[in-house]
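Dear colleague,

Please find below the structure that I am handing over to you. My notes on what was found in it follow directly after.

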Amino acid sequence: MALYEEGAEANYLNGDFEQMEKLVDIVLEKAAQLLDKIKVYEIKIEAGITQSKLQEASC
């Protein structure tokens, strides 16, 4: 699970949001407890904020 989390974060930092989402979905599907999902939820939130700012900047 930690490898998928790190992969999701690395893809987020590289701007590959599509691959990040795939890895996040794997973690959310396989995680047994809520505590195992917290890190990827944080990554999803940060990615959402980043994508929103990128959209505003391009207008």
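Of the 59 residues of the protein, 24% count as buried, where buried means under 20% relative accessible area, exposed means over 50%, and partly exposed lies in between (1.4 Å probe, protein chains only). Please note that this is a predicted model, in which local features need pLDDT of at least 70 and side-chain atom pairs count only at pLDDT 80 or more, while totals for chains, interfaces and linings use all residues. Residues are numbered from 1 along each chain as its sequence is written, and side-chain values use heavy atoms, with hydrogens and water left out.

Overall fold

The protein has three helices and zero strands, in the order α-α-α along the sequence. Helices (H or I, at least four residues) and strands (E, at least two) are DSSP runs, numbered from the N terminus. The accessible surface comes to about 4200 Å², and 54% of this belongs to carbon and sulfur atoms; the areas come from the Shrake-Rupley method with a 1.4 Å probe, and for residues only the protein chains shown count as cover. Among contacts (heavy atoms within 4.5 Å) between residues at least 6 apart in sequence, 45% join residues at least 24 apart.

The nonpolar core

In soluble globular proteins, nonpolar side chains tend to be buried together. A nonpolar core is here a set of buried Ala, Val, Leu, Ile, Met, Phe, Trp, Tyr and Cys residues joined through side-chain atoms within 4.5 Å. The largest such core has 10 residues, namely Ala8, Tyr12, Phe17, Met20, Leu23, Val24, Val27, Val40, Ile43 and Ala47. The elements giving two or more residues to this core are α1 (2-13), α2 (17-30) and α3 (38-58), and α2 gives the most, with five residues. Leaving aside neighbours within four places in sequence, Met20 is in contact with Ala8, Asn11, Tyr12, Ile43 and Ala47.

Tyr12 and its surroundings

Tyr12 lies in helix α1 and is buried, at a relative accessible area of 14%. Beyond four places in sequence, Tyr12 touches Phe17, Met20, Ile43, Glu46, Ala47 and Thr50. The side chains of Tyr12 and Thr50 make a polar contact (3.2 Å); such a contact is a pair of N or O atoms within 3.5 Å, where, within protein, one must be able to donate a hydrogen and the other to accept it, and residues adjacent in sequence count only if both atoms are side-chain atoms.

A search of the whole structure finds one aromatic pair. The ring centres of Tyr12 and Phe17 are 6.3 Å apart and the planes stand at 55°, so the pair is tilted. Rings of Phe, Tyr and Trp (its six-membered ring) pair if their centres lie within 6.5 Å; planes under 30 degrees apart count as stacked, over 60 as edge-to-face and the rest as tilted. Phe17 is also buried, at 15%.

Salt bridges

Another joins Glu18 and Lys22 (3.9 Å, N to O), which are four residues apart in helix α2 and hence separated by about one helical turn.

Yours sincerely

Key:
Salt bridge = Lys/Arg side-chain N within 4 Å of Asp/Glu carboxyl O.
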